[in-house]
Amino acid sequence: MTTVLIKDIGQHNGKQVTLKGWLYNRRSSGKIQFLIIRDGTGFIQAVLVQSEVSSQDWELATGLTQESSVEITGMVKEDTRSPLGYELAVETFAVIHSAEEYPISLKEHGVDFLLDHRHLWLRTPRQAAIMHIRNSVIKAMRDWLDTEGFTLIDAPILTPAACEGTTTLFETEYFGDKAYLSQSGQLYMEAAAMAMGRVYCFGPTFRAEKSKTRRHLIEFWMMEPEMAFVDHKQNMALQESMVKYVVKAVLDNHLRDLELLERDTAKLENILAKPFAKMTYDQAIQYLQSQGHEIQWGDDFGAPDETALANLHDGPVFVEHFPTAIKAFYMKPVPERPEVVLAADLLAPEGYGEIIGSSQRIDDLDLLLQRIQEQKLPEEAFAWYLDLRRYGSVPHSGFGIGLERFISWICGLSHLREAIPFPRLINRLYP
RNA sequence: UCCUCAGUAGCUCAAUGGUAGAGCAACCGGCUGUUAACCGGUAGGUUGCAGGUUCAAAUCCUGCCUGGGGAGCCA
């Protein structure tokens with residue numbers, strides 16, 4: 001007798017196996033009972049026929065509560081009536097723990113209730129599908145980076161000062177000093193790129209903004225590659241390659257999960273076939289003005305602007321050459337046009353917003369110093385960063401990809417909170 | 001911080017000034033192929049909180065609290 005996983009059940013057709021899992025649902029029809037069992041790898045229907053099990057087991061099953069943990073032994077049978085293709089004909093079973101009345105029924109629930117019960121919500125098929133895809137997205141990104149010669153360099157989470165001096169940071173006490181939770185590992189990656197050539201970090205980032213939209217989390221995961229001797233154009237090409245690699249990996253391995261999420265996979269297939277669209281900030285402003293948007297050259301895009309630009313295309317679109325004034329201090333100006341920078345945002349289609357922010361970095365010491373002074377950033381805090389321009393400075397570029405926005409787009413989610421196991425939102429630090 | 005919508009049974013929702021109800025979950029019973037099974041029954045309420053108007057308030061008014069959606073900011 002072997003304990004097997006539901007995802008591998010097809011390999012055991014016609015054989016006796018043991019499953020360990022939880023009761024997702026129970027239906028009965030007098031002398032036959034159907035137990036839907038989940039084990040974290042899948043869901044299977046176990047069939048109990050009264051005349052074929054002991055009366056003791058039959059009674060146990062009759063009183064089984066939702067989410068009780070069980071160990072079931074039976075015969076694997078192919079069955080076309082099952083969505084999985086297989087069922088388990090139960091022979092014996094044991095209750096490991098009889099669950100108390102379970103709060104999450106199989107009917108609809110509101111967002112507030114589900115978020116309060118996130119620790120239990122994760123057990124549902126939809127959330128399990130998203131978490132499996134999240135795992136594959138991370139794995140695919142790292143696989144791609146490995147084959148492209150990147151080295152993982154972990155950036156610190158406690159930092160002495162603002163990385164970019166823009167967003168609101170979480171402040172904490174650090175042995176009498178102040179420290180801040182990281183909003184980006186980029187500056188550290190620039191140091192690492194000068195050491196290892198191609199590097200990336202992957203970890204949580206924190207923004208204390210009082211954002212209250214479906215596109216924002218207080219704590220989210222960001223992957224930030226940084227490459228020495230790579231310019232703005234090569235940077236964009238690498239981003240496109242990575243995004244396509246990851247989307248293809250999910251399509252190859254998660255069709256059933258995407259189907260469960262009711263994702264239109266044709267829209268994902270479609271982006272693999274052709275190059276991503278590109279437009280300049282100038283063109284974007286011109287287009288938005290022609291559509292009646294209240295926006296001037298020099299303004300940053302609002303959410304409705306981004307959506308309008310994304311809707312111009314059926315795939316992701318790069319918007320490049322943003323005004324220097326609205327972008328971070330370290331971005332390199334376009335040589336013949338210093339009022340714009342060698343930066344690009346990648347906007348996901350279908351209104352999912354910016355999933356990548358990228359730029360070529362300033363490699364000239366004097367210009368970088370000037371920018372730090374212009375933006376009134378604390379020069380001392382950036383002394384080590386300026387050092388990178390003193391000892392063998394080279395052209396270099398990098399990008400940051402927001403994991404949850406990427407996942408939300410791939411899965412077709414309506415809110416980022418479903419893309420992370422335990423979302424931190426404004427007013428929500430539990431569970 | 002601003003705009004907007006909402007808060008009624010464990011959950012999802014009805015009840016628009018006149019006796020607080022349904023479905024699901026729970027509990028009891030029925031059914032040998034159910035797919036959020038179905039059928040019958042039982043139990044379950046300080047209508048977010050405080051005040052006001054009224055013969056009468058879940059319902060109208062004021063304030064507060066909590067949450068949803070959006071804006072700004074960003075990935």
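**Figure 1. Helices and strands of chain A.** Chain A has 13 helices and 19 strands. Helices (H or I, at least four residues) and strands (E, at least two) are DSSP runs, numbered from the N terminus. This is a predicted model, in which local features need pLDDT of at least 70, side-chain atom pairs count only at pLDDT 80 or more, and totals for chains, interfaces and linings use all residues. Residues are numbered from 1 along each chain as its sequence is written, chains are lettered from A and ligands numbered from 1 in the order in which they are written, and side-chain values use heavy atoms, with hydrogens and water left out. Along the principal axes, the C-alpha atoms of chain A fill a box of roughly 85 × 55 × 40 Å. Of the 431 residues in chain A, 49% are buried. Buried means under 20% relative accessible area, exposed over 50%, and partly exposed in between (1.4 Å probe, protein chains only).

**Figure 2. The surroundings of RNA strand B.** RNA strand B is surrounded by 46 residues. The closest are N25, E87, L106, R214 and R405. A residue is near the strand if one of its heavy atoms lies within 4 Å of it. The surface near RNA strand B has 19 charged, 15 polar and 12 nonpolar residues. Here Asp, Glu, Lys and Arg count as charged; Ala, Val, Leu, Ile, Met, Phe, Trp, Tyr, Cys and Pro as nonpolar; and the others, Gly among them, as polar. Several elements each supply at least two residues of this surface, including β2 (16-28), α2 (111-116) and β18 (353-360).

**Figure 3. Polar atoms at the RNA.** A polar contact is a pair of N or O atoms within 3.5 Å; within protein, one must be able to donate a hydrogen and the other to accept it, and residues adjacent in sequence count only if both atoms are side-chain atoms. R27 places a polar side-chain atom 2.3 Å from a phosphate oxygen of RNA strand B. I355 uses a polar backbone atom, 2.9 Å from a sugar or linking oxygen of RNA strand B.

**Figure 4. Salt bridges.** The structure holds 24 salt bridges. Each is a side-chain nitrogen of Lys or Arg within 4 Å of a carboxyl oxygen of Asp or Glu. E226 and R361 form one of them (2.7 Å, N to O). E226 lies in strand β12 and R361 in the loop between β18 and α11 (365-374), so the pair ties together parts 135 residues apart in sequence. Both E226 and R361 are buried. K244 pairs with E240, with the closest N and O atoms 2.8 Å apart. These two sit 4 residues apart in helix α6 (residues 232-253), separated by about one helical turn. An α-helix has 3.6 residues a turn, so residues three or four places apart point the same way. K244 and E240 are both buried. Elsewhere, R38, E67 and R123 are linked in a network of salt bridges.

**Figure 5. Helix α13.** Helix α13 (residues 403-411) is mostly covered, with 8 of its 9 residues buried. Among them are L403, F406 and W409. Just after α13, G412 takes a positive phi of about 70°.
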